[in-house]
Amino acid sequence: QLQASGGGLVQAGGSLRLSCVASGDILGRYNMAWFRQAPGKERAFVAGINWSYGYTIYADSVKGRFTISRDNTKNMVYLQMNSLKPEDTAVYYCAGDREEFATTPQKYTYWGQGTQVTVSS
């Protein structure tokens, strides 16, 4: 039900915008989040946005550089990533849940397929 896109190869300091589209349900009632997983590492929380007030939370490592947003009319969630660093290289996943708004991946029911982000130094 979720499909992420927008990844690619970018130089350090560059920007990318990831998109996540939901189908088959009303994304507007889902709490949404982005996670990332680098090779050999666990899946880690990046940013989240709740459905009711648009409240956002971020991992410390991306605060001030990444912005999560949503457009419920288009069933879309976005992750604007600026000032990218090589350590941001990972597969990025969007996730959603109707009840949970958390930073742990186990709390989310629905997942997109992931999109690769590679930041070169």
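Biologist: Which residues form a disulfide, and how far apart are their sulfur atoms?
Modeller: Cys20 and Cys94 form a disulfide, with sulfur atoms 2.2 Å apart; a disulfide here is a pair of cysteine sulfur atoms within 2.5 Å. This is a predicted model, in which local features need pLDDT of at least 70, side-chain atom pairs count only at pLDDT 80 or more, and totals for chains, interfaces and linings use all residues. Residues are numbered from 1 along each chain as its sequence is written, and side-chain values use heavy atoms, leaving out hydrogens and water.

Biologist: Which parts does the pair tie together?
Modeller: Cys20 lies in strand E3 (residues 16-22) and Cys94 in strand E9 (residues 90-97), so the pair ties together parts that are 74 residues apart in sequence. Strands (E, at least two residues) are DSSP runs, numbered from the N terminus.

Biologist: Is Cys20 buried or exposed?
Modeller: Cys20 counts as buried because its relative accessibility is 0%. Buried means under 20% relative accessible area, with a 1.4 Å probe and protein chains only. Cys94, at 1% relative accessibility, also counts as buried.

Biologist: Turning to the sheet, what is the order of its strands?
Modeller: The open sheet of 4 strands has the order E1-E3-E8-E7, with antiparallel pairing. Two strands pair if DSSP finds at least two bridges between them.

Biologist: Which are the edge strands?
Modeller: Strand E1 (2-5) and strand E7 (66-71) are the edge strands, each pairing on one side only.

Biologist: How many bridges join E7 to strand E8?
Modeller: There are 6 bridges between E7 and strand E8 (residues 76-81), and the two run antiparallel. Val77 in E8 is the bridge partner of Arg70.

Terms used. Buried < 20%, exposed > 50% of the residue type's maximum accessible area, 1.4 Å probe, protein only.
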